[in-house]
Amino acid sequence: MKYELWGVAGIIFCIIVTVIEYIIHFRLAQRHENEKNTTEYLEKQLTVLIESTIYAPTDNALDQQICTLAEKIGGCAESYELALECFKRAKENHKDDDIEQIDRIIALVDEKVKPVEIYAEMLANGDVYHKGYACRRLADMGAVQYKETFVKLTEAADRDLSYNAAMALCTLGDAQSVCNYIKQIQGDKTYSARMINEFYDEFKGDRAELSKLLLSDCNHYMKCTVIKAMAPFKLKEFKQMYQLGFTENDKQLQIACIKALAPFGDPEDEQTFCIAAQNNDWVIRSAALQGLAHINSPSALRVVKSGLYDKEWWVRQTAAKALVSMNVSPKDIEEILSGYDRFAADALKSVLYKEIEL
Amino acid sequence: MSFFTVVRHFIVIFNYFCMTFTIVLSIIYIIQLFVSFARVRKDHNKQYSNDFKRYTESENLLPISLIIPAYNEQENIVQNVKSLMKINYPHFEIIVVNDGSTDKTRQLIIDAFNMHPIESSARMIIQTKKVNGVYYSRNYPNLLFVDKENGGKSDALNAGINASSYPLFTCLDADSRIEKDALLKLSLDFIKDSRTVCAGGIVRIANGSKIVDGEFKGFSVPEHLVERFQIVEYYRSFLSGRVFWSAANSILIVSGAFGLFRKQTVIDVGGYKTDTIGEDMEIIVNIHHYMKKHKQKYRIIFNEEAVCWTQGPMSLHDLRSQRRRWQVGLMDTLIRHRTMFLNPRYGFVGLFSIPYNWIFELFGALIETIGYFLIPFSLLMGELNIFFFVTYFLLAVLLGVILSEGSLVLEQLTHKTTMSVKQSIMISLYSLLENFGYRQLISLFRVEGIIKYRKLRRSWGKIKRKEFEQ
């Protein structure tokens, strides 16, 4: 009897759970369908309103249309973003003359809707995910008054929130706070080095100042990462440091410095690149060839040509790409293509097929 | 004790074993469902702060090689490549590998994209069958076409890896479509956690759905019953099972239709094994095996927000062929990596994930199928109490419904606008109906796969699929 009771109880329990699931499923589906319909309806209304705003015959009419548009958006972040999306589409569909008018309308709508307040509300009362999102949006709008909040949030326990707050500080160009954040995460090797590149790309302030702070405060691993991230921005004040860094015995520092020196393609570094092209590390050899490609002198050309015969596939590919971008004569190319080294010829052919119009 | 008495005892004991097995398995599934529920909610909210669209133009995402192995894919291949060209990702190359197709696949690709042969200096990092030629088009500089001798899907993938130039690669099926932002979502897992070596997306049944250039445009309930059941089945498998195992970093399979890999890791483990038909599972288990053995830190992630659409089999015949193949692939991989079974050296994977797959995924089908015959038989023989039988049957069905319906709730939480209310209700009915025939058929197909393991382990079946609706 005991087992039978357990069995019946189990069945009743399962039926209750199933019914609850069906109700939740039905409610969710209903809610999502309503949301979808509302969004579609709002989108249509916004599109019509935007069109009528663009072609408003008088300033008064324009004012009225903008008020209606602002009313439709209300204080809702989703509606505001939907309106921006509609404006974006309108820009794509209109002539150049209208684009100026659309930008003016966006500014007027912003005046009425006050999006900073919408996102500030999200920042104050949202969950960690909404807070993170609000940080980025507020920074995009240049809301410097929230800088202190962002600084506090960089210390949040949630990784994504602290990252978004730091990115917001990048947008606002606060070098010291960004440096503090990077110092805070420098021990966390799970973050990819590409995050630092992302910080540099987003940073709107003085990158040289940020670099100075990072290079004086961070650990060795982070310094090398920072030097690599700095490379595309060709910060001249650090060039001497790169040159010196390459003469050190530290392999990681050498790689970082040669990668940072290469984009300059300065003739005075030709000697350094020629030495680096003989290094036993293929990453250094490859970066050196990229630097020599910018210099484009006869001696540089000789070294790049020899790179085609390198034992490492990547170096041969880099050399081939570099060679095609240099003043190489057809005779030289023919010589390599018909030469004894099939690997060199293959690498060059592969690049030529892609780069040269046949 | 007579022979018949022994048989009777055996039947009774087996009946109890079967029942306990079903209840235990259902309870495991329900635990998975609860863990997945918490995880899916968190991941879904996280998408908000991830704000992946910001990275559409970023120079800092790792470039990706999209490898599409194609064997007799003339119906889908051109359309698929064209759709892939429109994905949202800053740097990617598409490598179509023609694995010795006997139809017009090769010519269609060459004509459609105006490709011409080049002498490529691709490396032979992993040994493959002979590559007959590499084709390139100046009009589509990020498209490469590799024409090779037939060697199977794994061999084609290895040839694609050899020809690829980027640090990440994704394997895609020629008859599947990835959503526009799917790669953006997956690649962020590699940036935010450098230990990530593989990230898999969710595969959803495209039958009945309209997918245009990687964008979902609408859903209508598919025509065949088989397709409808598969929709429920895929949600259950991906949203409940994989999310759970991914949370424990012990997922054993990333779907062959859509997975993003760190190339160096795949090269380190020797690439895809060409002598198995379950290459998608084998490569993941191999990565676990290798990384744990070499004490390297790694993560294999399942991201339910990154979506790939695939055409499910439309007939029972094709479904049978697919499920037999999956079971053979599972069995093959588990046998290959049998040293991991209950081996503490392999951590959670060795102690839980591998044994779970041996006991419940591999032998589960066998026990379930024997039960289907033996339990009614013993009922007829009067060895089983009718009340007990009915209770057990109802419990098994209801636990199955809880699991399937729970997965549909998860689906509503992750992908809000796929189905209308009417369609949702209709599909949820199938979570009940699948318990009366469909599940039993699937178990039979799986058992057939186990029985014919030796015969089937080298043979790929071809499933008839229709073109994606445009």
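## Helix pair in chain A

In this predicted model, Tyr80(A), Leu84(A), Phe87(A), Ala90(A) and Lys91(A) of H3(A) are in contact with Ile99(A), Ile102(A), Asp103(A), Ile105(A), Ile106(A), Val109(A), Asp110(A) and Val113(A) of H4(A). By class, the residues of this contact comprise 10 nonpolar, no polar and three charged.

Helix H3 of chain A covers residues 77-93 and helix H4 of chain A covers residues 96-113. Their axes come within 10 Å and cross at roughly 170°. An angle over 145 degrees counts as roughly antiparallel, and H3(A) and H4(A) are therefore roughly antiparallel to each other.

## Extent of the interface between chains B and A

Chain B contributes 59 residues to its contact with chain A, and chain A contributes 56 residues. The buried area between the two chains is about 5,100 Å², with 58% of it coming from carbon and sulfur atoms. Within the area that chain B buries against chain A, Tyr48(B), Arg54(B) and Asn60(B) account for 14%, more than any other three residues.

## Polar contacts and the chain B side

Eight residue pairs are in polar contact across the interface of chain B and chain A, with both residues at pLDDT 80 or more. On the side of chain B that touches chain A, at least two residues each come from helix H1 (3-50), strand E3 (116-118), helix H5 (182-192), helix H11 (386-414) and helix H12 (421-433) of chain B. H11(B) gives the most to this side, with 14 residues. Sorted by class, the side of chain B that touches chain A holds 27 nonpolar, 19 polar and 13 charged residues.

## Salt bridges

Over all chains, the whole structure has 30 salt bridges. Two salt bridges are found across the interface of chain B and chain A.

Which residue of chain A forms a salt bridge with Lys46(B)? The partner is Asp160(A), and the closest N and O atoms are 3.7 Å apart. Lys46(B) lies in helix H1 of chain B and Asp160(A) in helix H8 (residues 159-172) of chain A, so this pair joins two chains. Asp160(A) also meets the side chain of Lys192(B) in a salt bridge, at 3.7 Å from N to O.

Definitions and conventions:
Residues are numbered from 1 along each chain as its sequence is written. Chains are lettered from A and ligands numbered from 1 in the order in which they are written. This is a predicted model: local features need pLDDT of at least 70, side-chain atom pairs count only at pLDDT 80 or more; totals for chains, interfaces and linings use all residues. Side-chain values use heavy atoms; hydrogens and water are left out. Contact means heavy atoms within 4.5 Å. Buried area is the accessible area (1.4 Å probe) that two parts lose on being put together, summed over both. A salt bridge is a side-chain nitrogen of Lys or Arg within 4 Å of a carboxyl oxygen of Asp or Glu. A polar contact is a pair of N or O atoms within 3.5 Å; within protein, one must be able to donate a hydrogen and the other to accept it, and residues adjacent in sequence count only if both atoms are side-chain atoms. Helices (H or I, at least four residues) and strands (E, at least two) are DSSP runs, numbered from the N terminus. Ala, Val, Leu, Ile, Met, Phe, Trp, Tyr, Cys and Pro count as nonpolar, Asp, Glu, Lys and Arg as charged, and the others, Gly among them, as polar. Axes are lines fitted to C-alpha atoms, for helices over the stretch in contact, and angles run from 0 to 180 degrees between N-to-C directions. Angles under 35 degrees count as roughly parallel, over 145 as roughly antiparallel, 65 to 115 as roughly perpendicular and the rest as oblique.
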